[in-house]
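Dear colleague,

Please find below the structure that I am handing over to you. My notes on what was found in it follow directly after.

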Amino acid sequence: MNPRVRFAPSPTGLLHIGGVRTALFNWLFARHEGGEFLLRIENTDTSREVEESVDQIQRSLRWLGLDWDGEVEFQLDGLERHREAAQKLLAEGHAYEDEGAIRFRMPDEGATVWEDAIKGTISYPNEKLEDLVLLRSDGRPTYNLAAAVDDADSRITHVIRGEDHVPNTPKQIHILEALGRELPVYAHVPNVFGTDGRKLSKRHGAVSVEEFRAEGYVAPALMNYLALLGWSYDDRTTVMSRDELVERFGLERVGSSPATFDYEKLMWLNGVHLRELPAEVYAETLVAYLAEAGFDGDEETIRASAPLVQTKIATLAEYPSFAGFLFRRVAPPHELLDGAGDLLARAREALAGVEPFTAAVIEEALRALAEELELKPRQAFGPIRAAVTGSRISPGLFESLELLGREESLARLDAAIAVAA
RNA sequence: GCCCCCAUCGACUAGCGGCCUAGGUCACGGCCCUUUCAAGGCCGUAGCGCGGGUUCGAAUCCCGCUGGGGGCACCA
């Protein structure tokens, strides 16, 4: 039988990156096994529901490429089934009425033991299990009833969820057993922490998929990074495409200890994935990102500059500060120009005569100039770079000049010469 | 307080009794390349929490301790 898994967030706030990783593990497992991945919104607590949350969850999963099978399910829609289950348990003596609510009778001896697919054998003493409310006095089902019944009704074979659910598992096991339903395999994935060892939160940096997206991360990189947070393929493989992850993922290699989210490694990985993109795709990605970010610059120039920045920036968000000079003049700090008046004037002269105004010819002319002035390339090009890009750090100088065009380049040199003098 | 889980470089991890002089990746340091910044190449610093066992042999198995996390609702 093909496995069926589900990701079951509650719509009580923004979907957190830790939850996204849980979703990813479910998805990878399903796709690897040729099974199905369901999305169920656990909205039984209407009082805590955050309106926007359901959309945000779906947007996040879609952007990451975690497609689910079938329609989104809402737990609340199963209300009648949950009530029936509670009534059945009541009728068969597994539950009893208590102040208008229906409570499940938990065993108070022995232990509940299950083989967790990630953590191994877990044993939970039954005496610690309280008789839990199945149906509230107002008739609404509680989480443990609804979750257990839904998993069974959806024929979920593997419940892969966060480890905060470990204490719920024995409860759900007893409910399912009393109902005479089949038990799924449980797999509890460890937490994700921030660098201070505390739960990852806003103060550590981005925590929602949309924030990462806005910060210029791309989906394959985030997926790759998240997969590596608690799972490994072998002792040396780090960079993996979405297809490779699907092909290689398995629950057996998910670790059982919590992991710390490392923004620096994510950034590195993002750079790796960005560099691996074919030039056209990279340009496309950059243009789309900048448009969404509200960057003010013409598409043609962005596309033309894409190859100049591809190996230089690790997130798309770095583009404006790195290549912004292509769209507007940036005044260079005086110290970068000091004493370079003559050099800049000679460079202007050289560039005025370059024909055609292309990177290769420009390079030839400027190198000849440097040689003539007996300057090392770095000494000669530094001030020119500053004059044209406004910074000490920039894409390749010759390519940048070409992109800017002769007229604009000369104008910027003129301005710098005036300042340097 | 009680219950459950976890424990290898700063971080992510490989390791499932001898292959370990503990491997890979990020970060960090150095060198090379180089028009800046990157990218790339080479080299390096750095780790099995502690104490007992078991065994010819332990990072690997067992016990205790310590530390960390999670959970103890008519929340999910």
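I begin with one pair of strands: H158 has V185 in strand 10 as its bridge partner. The chain passes from strand 9 through helix 5, residues 169-179, into strand 10, and this β-α-β crossover is right-handed. Please bear in mind that the model is predicted. Chain A has an average pLDDT of 95, and 100% of its residues score at least 70. The scores for the model are ipTM 0.96 and pTM 0.95.

**The two strands**

Strand 9 (residues 158-162) and strand 10 (residues 185-189) run parallel and are joined by five bridges. G162 stands opposite V189 of strand 10. How many of the residues of strand 9 are buried? Five of the five are, so strand 9 is largely enclosed by the rest of the structure. In strand 10, four of the five residues are buried, so this strand is also largely enclosed by the rest of the structure.

**The connecting helix**

Helix 5 has nine buried residues out of eleven, so the rest of the structure largely encloses it. The buried residues of helix 5 are T169, P170, Q172, I173, H174, I175, L176, A178 and L179.

H174 deserves a separate remark. This residue belongs to helix 5 and has a relative accessible area of 12%; because the cut-off for buried is under 20%, H174 counts as buried. The H174 side chain reaches the backbone oxygen of P170 at 2.9 Å. After helix 5 comes G180, which has a positive phi, near 75°.

**Aromatic pairs**

Eleven aromatic pairs are present in the structure. In one of them, the ring centres of F212 and F261 lie 5.7 Å apart; the planes are at 35°, so this pair is tilted. F212 is part of helix 6 (residues 209-214), while F261 is in the loop between strand 12 (259-260) and helix 9 (263-276), so the pair ties together parts that are 49 residues apart in sequence. F212 and F261 are both buried.

Another of the pairs is formed by F295 and Y319, with ring centres 5.8 Å apart and planes at 85°, so the arrangement is edge-to-face. Which parts of the chain does this pair tie together? F295 lies in the loop between helix 10 (279-293) and helix 11 (299-309), and Y319 lies in helix 12 (residues 319-323), so the parts concerned are 24 residues apart in sequence. F295 is buried at a relative accessible area of 18%, and Y319 is buried at 0%.

**Cluster and charge**

F212 and F261 also belong to one aromatic cluster, together with Y217, Y225 and Y263.

The tilted pair of F212 and F261 and the edge-to-face pair of F295 and Y319 can then be inspected in turn.

With kind regards

Note on methods:
Residues are numbered from 1 along each chain as its sequence is written. Chains are lettered from A and ligands numbered from 1 in the order in which they are written. This is a predicted model: local features need pLDDT of at least 70, side-chain atom pairs count only at pLDDT 80 or more; totals for chains, interfaces and linings use all residues. Side-chain values use heavy atoms; hydrogens and water are left out. Buried means under 20% relative accessible area, exposed over 50%, partly exposed in between (1.4 Å probe, protein chains only). Two strands pair if DSSP finds at least two bridges between them. A crossover is right-handed if, with the strands pointing away from the viewer, the path from the first strand over the helix to the second runs clockwise. pLDDT is the predictor's confidence in each residue, from 0 to 100. Rings of Phe, Tyr and Trp (its six-membered ring) pair if their centres lie within 6.5 Å; planes under 30 degrees apart count as stacked, over 60 as edge-to-face and the rest as tilted. A polar contact is a pair of N or O atoms within 3.5 Å; within protein, one must be able to donate a hydrogen and the other to accept it, and residues adjacent in sequence count only if both atoms are side-chain atoms.
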